[in-house]
Amino acid sequence: MPTRGARILSTFRRSLDQKAAGSLAGELVAQLGAGVLAVVSMLILLWALGYDVGIAFNDFWHGSLASATGLEQTLVQAMPVTLTAAAVWFAYRVGMFNVGADGQLQMGGFAAFMVVTAIAGGPGLVLIVIGLIAAALAGGVWALIAGWLRTSRNANEVISTIMLNFIAFQIGNTLVSGALVQRGATSPQTDSVPIATEMGNLLGPLPLVFVVAVAVTVALVMVMRGRRFGLRLRASGLNASAAVHSGIAVNRLRLLSFVLSGAVAGLAGGLVVLGMRHFLAPGWAPQWGFQGILIAFIALRAPILIPVWGLLFGLLSTSAPLLKADVGVPDGLVSVMQVLPALAIFLLHTAGRRFTHRGST
Amino acid sequence: MHELLAPFASSSYWDSVLLLATPIVLAALATLIASRAGTMFVAIEGTMLISCFAAVATTARSGSILMGIVVGVLAGAATGLFSAWLSIDLHAGDVAGGLVVAIGGLGLTSFIAQRAFPSGTYLGPDQRLRAPWGAPGDSVLHVILDQPPLLYVAIVLAAAIVIFLRTRVGLRMRACGEAMEVAQGFGISVRRTRYLAAGVAGAVGGLAGVSLGLSVVGSFDGNPVSGRGFIALACVMLGGWRPLWVVLAALFFSAADVYGFQTTAVHAQDWGPMLPYILTLVALGTLQRRRQQGPRDEGRSLDELPRTPTRRWSLLSWARMRRREPAQPAATSP
């Protein structure tokens, strides 16, 4: 005899499975269409503003994809946004909005840097693992503040995570120009991490950090798809009061997943320090959290594509200096381009919705 | 006097507090309007940025402050409506739509600034927006009276919002934020109300951008807003969604902000700039739960409403809607 809670849960599961089966094909078409639409509209935008599209396309293709160094750069640049997007997506599915991935990433980066430089000796692999654990812990703790404020004090997590972003930014500036500053440096920046802890490529131009990012994203998606724990998470996000009535500890799950989300963002910071920048200077983390939110919403219904969209954003960041040097495209236009995929997917979804609803109304 | 209290004694401290509070107060009021209609106006950040640039660029090109104000407010209203389109009709939601506006606006303004003003966008000393009356010699009166005119506009606006929320139209608007099913049941178009509120909020947010550009900064370089819009969102929460309290919260934030920069206490350079954000977090955590609820249906999507026969917004449907009977209650859900 199933309990009432179990019955409600199985209803949840059935409705979710039906929804997923019905929309998967359409969603893939929408994602593909949005990608094509975004890239085409980027090129049209460049053409309409009078830039040389041929050279720009060459920068995109040969500069950032077809050459080994370009591809490596693109994959490295795709790592932070992939992880922040996965973090934001995971928390959002459980009903929490993590706007604070920027702050969590910075705290993670500083934690990894401080731990690795403090220990300094020892085998590189051990140091890397310890550094990344420290990064994830720092990001998780930073998210815990906002998560606790939300679940037990009912303070909107959007606001509190933004405040925590500002605080993390200030802490970072203070550390970079104060406690961690490099002796005798002309500009405020830290020493580099020990050579042994620099994460290189797995094989060919494939950076280790991107592999980790994809693995973490896939793991988060698998957790969310799970039929026991994942179902509880999804139920908490879809209808909190129904979930409470079927015996799910919604608040505890939300806090847990928010901390997990922060840990993933913090891990991104650690990976940036160990596998991308190797030292810290003011402005070392440019709005990756906000870009992650864009990606999370683009790939909201097909989260397995988060790394692919991360690649597109990485491609844009890698191409930005090339475009500036070769064609004279200012940086501002590149951040306009980052918004285009989001607009494309919103438009396509709306069009699809109107198309499918036409018969029923 | 104790070292920690030193800034409070100087009139220049209070002068800066009021000056820097002006854009935040206006932005917070803009956010409040949209919020009471059920939209969490995260787009305020981008709205302020776009209207700030529009105002500074217009004033610098035309030399007329009035033109700058008008263009700034119009740009703000247009941005507010655009964000409403994103979050309502493109189903992006308030936060994602607002961030699209923020990121896109940052790119757009810096791109246009680099193309149209390669040598930077600066205003002359006579192009700054100042109080038109002469400042009195007395230091207290000087601080109170010699502020950007938009500060006084903001205070009048706050009082006007208090009254407006109690009128018939204000009640209808609040209904869309508190209980949108009920509002729809009474024949109010939640969609149209939220659009209108976003437009008005955009215009007021435009004023915030104008005061930031023409009174506070006086130039456009990079990102002059740098999170002030998000701070306005926090001020609305701190003020418990009540206009006069929201103004007080914005003044409080600004006081903490300026204190953090002006205090000469030990290690002030390290912890001073974080002070306002930490205080905001503490206030969010310690305020009573009841006061932090806000409008109940804030941020809820219109998709959750029962469908009505006329959803498209055309002239014809508008005319029809004016004569429409109250919609059926949501008893017939599929």
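Where in chain A is A:G100 found? The model is predicted, and in it A:G100 is found in the loop between α3 (68-93) and α4 (101-119) of chain A. With a relative accessible area of 1%, A:G100 is buried. Leaving out residues up to four places away in sequence, A:G100 touches A:T161 and A:N165. A:G100 and A:A285 are 185 residues apart in sequence, while their C-alpha atoms are 13 Å apart in space.

Helix α1 of chain A covers residues 4-48 and contains A:I44. The relative accessibility of A:I44 is 47%, so this residue counts as partly exposed and not as buried, which would need a value under 20%. A:I44 belongs to a nonpolar surface patch of about 550 Å², made together with A:L32, A:V36, A:V40 and A:W47. Residues three or four places apart in an α-helix point the same way, because the helix has 3.6 residues a turn.

Helix α2 of chain A covers residues 53-66 and includes A:S64. At the start of α2(A), the backbone nitrogen of A:G54 has a side-chain oxygen of A:D52 within 3.1 Å. The buried residues of α2(A) are A:V53, A:A56, A:D59, A:F60 and A:S64. The side chain of A:S64 makes a polar contact of 2.9 Å with that of A:S319. When neighbours within four places in sequence are set aside, the residues in contact with A:S64 include A:D59, A:G70, A:L71 and A:T74, and also A:L315, A:T318 and A:L322.

**Positive phi values in chain A**

Most residues other than glycine have a negative phi. A:A120 has a positive phi, near 60°, and lies in the loop between α4 and α5 (124-153) of chain A. A:Q287 also has a positive phi, near 50°, and its place is in the loop between α10 (250-277) and α11 (288-298) of chain A. A:A120 is partly exposed, with a relative accessible area of 38%; A:Q287 is partly exposed as well, at 34%.

**Chain B and its interface with chain A**

Chain B has 15 helices and two strands. Of its 334 residues, 55% are buried. The accessible surface of chain B is about 14,900 Å², and carbon and sulfur atoms hold 65% of that area. Among contacts in chain B with a separation of 6 or more, 77% are between residues 24 or more positions apart.

The size of an interface is often given as the accessible area lost when the parts come together. For chain B and chain A, the buried area is about 3,900 Å², with 74% of it on carbon and sulfur atoms. On the chain B side, B:I103, B:F111 and B:L281 lose the most area to chain A, together 16% of what that side buries. In terms of contacts, 44 residues of chain B meet 44 residues of chain A. There are zero salt bridges between the two chains, and three residue pairs are in polar contact across the interface. On the side of chain B that touches chain A, the elements giving two or more residues are α4 (65-89), α5 (94-116), α11 (228-238) and α14 (275-286) of chain B. The largest share of that side, 13 residues, comes from α5(B).

**Salt bridges**

Over all chains the count is seven salt bridges.

| Residue pair | N to O distance |
|---|---|
| A:D331 and A:K324 | 3.2 Å |
| B:R296 and B:D297 | 3.8 Å |
| B:D297 and B:R300 | 3.0 Å |

In the chain A pair, A:D331 is partly exposed at 40% relative accessibility, and A:K324 is partly exposed at 42%. Through shared partners, salt bridges join B:E181, B:R296, B:D297, B:R300 and B:E304 into one network.

Conventions:
Residues are numbered from 1 along each chain as its sequence is written. Chains are lettered from A and ligands numbered from 1 in the order in which they are written. This is a predicted model: local features need pLDDT of at least 70, side-chain atom pairs count only at pLDDT 80 or more; totals for chains, interfaces and linings use all residues. Side-chain values use heavy atoms; hydrogens and water are left out. Patches are made of residues with over 30% relative accessible area and no salt bridge: like charges are joined within 9 Å, nonpolar side chains (Val, Leu, Ile, Met, Phe, Trp, Tyr) within 5 Å. Accessible areas come from the Shrake-Rupley method with a 1.4 Å probe; for residues, only the protein chains shown count as cover. A salt bridge is a side-chain nitrogen of Lys or Arg within 4 Å of a carboxyl oxygen of Asp or Glu. Helices (H or I, at least four residues) and strands (E, at least two) are DSSP runs, numbered from the N terminus. Buried means under 20% relative accessible area, exposed over 50%, partly exposed in between (1.4 Å probe, protein chains only). Contact means heavy atoms within 4.5 Å. A polar contact is a pair of N or O atoms within 3.5 Å; within protein, one must be able to donate a hydrogen and the other to accept it, and residues adjacent in sequence count only if both atoms are side-chain atoms. Buried area is the accessible area (1.4 Å probe) that two parts lose on being put together, summed over both.
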